[in-house]
Amino acid sequence: MSSITRRRALGVAAGAAGAVAVLAQAGPAATAAPRAAATDPASFDEVYQGRRIQGGPAHGGGHHGGHHGGYTVTVDGRELHVMRNADGTWISVIHHYEPVATPRELARAAVRELRGAPLVPLALG
């Protein structure tokens, strides 16, 4: 059985230090998780498949500000609980397992999933 020698330990330490130096030169963009967009998505207001969908920055009215990053989406005036993932994609309680790029796409996906049923507000607490 071989034991760790001083030479091996120094070699591993030197390799790790080299990797840290390369990452430091590459800047924070190399180590940060990629985001789909650096800014908040654009507001929207449209009728999609007969349902009015709206989205835009929240003005203190949303009940879970920490989860959706200050962005509110509604379907026929009822709030659709949305969440932004670390990679910049969006999910909702209706469309949870298929992230999409924008809240507009998320609202449209929710309308398709609802198939004409009314959106029932999420009751937490």
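## A loop residue to start from

Ala 101 sits in the loop that links strand 6 and helix 4. The model is predicted. Ala 101 has a relative accessible area of 42%, so the residue counts as partly exposed. Set aside its neighbours within four places in sequence, and Ala 101 is in contact with Gly 88 and Trp 90.

## Ile 91 in strand 6

Ile 91 belongs to strand 6, which covers residues 90-92. Is Ile 91 buried or exposed? Its relative accessible area is 8%, so Ile 91 is buried. The cut-off for buried is under 20%.

Which residues does Ile 91 touch, not counting those up to four places away in sequence? They are His 81, Val 82, Met 83, Asn 85, His 96, Pro 99 and Leu 106. Ala 109 is 18 residues from Ile 91 along the chain. Their C-alpha atoms are separated by 10.0 Å.

## The whole protein

The protein has 125 residues, and 29% of them are buried. There are four helices and six strands. Read from the N terminus, the order is α-α-β-β-α-β-β-β-β-α.

The accessible surface comes to about 8,300 Å². Carbon and sulfur atoms hold 58% of that surface.

## Strand 3, covered on both faces

Strand 3 runs over residues 71-75. Five of its five residues are buried, so strand 3 is largely enclosed by the rest of the structure. In a regular strand, side chains alternate between the two faces of the sheet. Which residues of strand 3 lie on each side? Tyr 71, Val 73 and Val 75 are on one side, with Thr 72 and Thr 74 on the other. Both faces are covered.

Strand 3 has partners too. Strand 2, residues 51-57, runs antiparallel to strand 3 and is joined to it by five bridges. Here Ile 53 stands opposite Val 75. Strand 4, residues 78-80, also pairs with strand 3 in the antiparallel sense, over three bridges. In that pairing, Val 73 has Leu 80 as its bridge partner. Strand 3 and strand 4 form a hairpin with two residues between the strands. In this hairpin, Asp 76 takes a positive phi near 55°.

## An aromatic pair

How many aromatic pairs are counted? The count is one. Tyr 71 and Trp 90 form this pair, and it is tilted. The ring centres are 5.6 Å apart, with 55° between the planes. Tyr 71 lies in strand 3 and Trp 90 in strand 6, so the pair ties together parts that are 19 residues apart in sequence.

Tyr 71 has 1% relative accessibility. Trp 90 has 2%.

## The nonpolar core

The largest nonpolar core has 16 residues. Which of them have the most contacts inside it? They are Phe 44, Ile 53, Val 73, Val 75, Leu 80, Val 82 and Trp 90. Strand 1 (44-48), strand 3 and helix 4 (103-114) each supply at least two residues of this core. Helix 4 gives the most, with five residues.

Val 75 shows how these parts meet. Beyond its neighbours within four places in sequence, Val 75 is in contact with Arg 51, Arg 52, Ile 53, Val 111, Leu 114 and Leu 119.

## Helix 4

Helix 4 has twelve residues. At 1.5 Å a residue, they should span 16 Å. The end C-alpha atoms are 16 Å apart, which agrees.

Which residues of helix 4 are buried? They are Pro 103, Leu 106, Ala 107, Ala 109, Ala 110, Val 111 and Leu 114. The cover over them includes strand 1, strand 2, strand 3, strand 4, strand 5 (82-84) and strand 6. Just after helix 4 comes Arg 115, with a positive phi of about 50°.

Technical notes
Residues are numbered from 1 along each chain as its sequence is written. This is a predicted model: local features need pLDDT of at least 70, side-chain atom pairs count only at pLDDT 80 or more; totals for chains, interfaces and linings use all residues. Side-chain values use heavy atoms; hydrogens and water are left out. A nonpolar core is a set of buried Ala, Val, Leu, Ile, Met, Phe, Trp, Tyr and Cys residues joined through side-chain atoms within 4.5 Å. Buried means under 20% relative accessible area, exposed over 50%, partly exposed in between (1.4 Å probe, protein chains only). Contact means heavy atoms within 4.5 Å. Accessible areas come from the Shrake-Rupley method with a 1.4 Å probe; for residues, only the protein chains shown count as cover. Two strands pair if DSSP finds at least two bridges between them. Rings of Phe, Tyr and Trp (its six-membered ring) pair if their centres lie within 6.5 Å; planes under 30 degrees apart count as stacked, over 60 as edge-to-face and the rest as tilted. The expected span of a helix is 1.5 Å times one less than its number of residues.
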